[in-house]
Amino acid sequence: MELLDMMLNRRSVREYTGDHIPGDKLEMILQAGLAAPSGRGRQPWEFIVVQTRDALKKLSECRDGSAKMLEHADCAIVVIADELEQDVWTEDCSIAMAYMHLMADSLGIGSCWIQGRLRQAPDGRSTEEYVRECLGFPKTYRLEAILSLGIPKKHPVKHHTDQLPMEKVHLERF
């Protein structure tokens, strides 16, 4: 599969069968994230893998309506970074998330990006505060996002190049 085909095929998957993700596939997804480029090669991210049903259920309440798929996911990867280590930690974490998203899809694993930074939990706290309480990461570490993972019930139809908004491409000047 060519890279562009992989990118067009990758879609957010929010419904999972409940089947277990094989350990070797989860390891490959994590390796893809760890292989992502970062500013000045600092790799400020840390990944917290969450697999217990109770923890996934609790994490499913971290955002107003947008994280419910975690309750039925096989696991989640919480992506955080030490903001004191890198000024562009959000960009670095986003690249790692994108790499893991693509790797998951290439392995037949469904995934969905759940934005955490600048989002709010139903109880009024920030999503970051909620997730920090659940997982115990230090205050200098900031939450970027959570990647839900599971065996997809169905895979959404892939995008096609003729659907891409080419009008957003400007040559030489806006």
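In strand 4, which residue is the bridge partner of Ile77?

Reply: The bridge partner of Ile77 in strand 4 is Leu147. This is a predicted model, in which local features need pLDDT of at least 70 and side-chain atom pairs count only at pLDDT 80 or more, while totals for chains, interfaces and linings use all residues. Residues are numbered from 1 along each chain as its sequence is written, and side-chain values use heavy atoms, leaving out hydrogens and water.

Strand 2 (residues 75–82) and strand 4 (residues 141–150) run antiparallel and are joined by eight bridges. Strands (E, at least two residues) and helices (H or I, at least four) are DSSP runs numbered from the N terminus, and two strands pair if DSSP finds at least two bridges between them.

These strands belong to an open sheet of four strands, with antiparallel pairing and the order 1-2-4-3. Strand 1 (45–50) and strand 3 (110–115) are at the edges with a single partner strand each, so one side of each has no neighbour in the sheet. On average, neighbouring strands are turned by 25° against each other, direction ignored. Axes here are lines fitted to C-alpha atoms, for helices over the stretch in contact, and angles run from 0 to 180 degrees between N-to-C directions.

Helix 4 (residues 89–106) packs on this sheet and touches strand 1, strand 2, strand 3 and strand 4, where contact means heavy atoms within 4.5 Å. The direction of helix 4 makes about 10° with that of strand 4. Helix 5 (residues 127–135), by contrast, runs at about 75° to strand 4 and lies across strand 1, strand 2 and strand 4.
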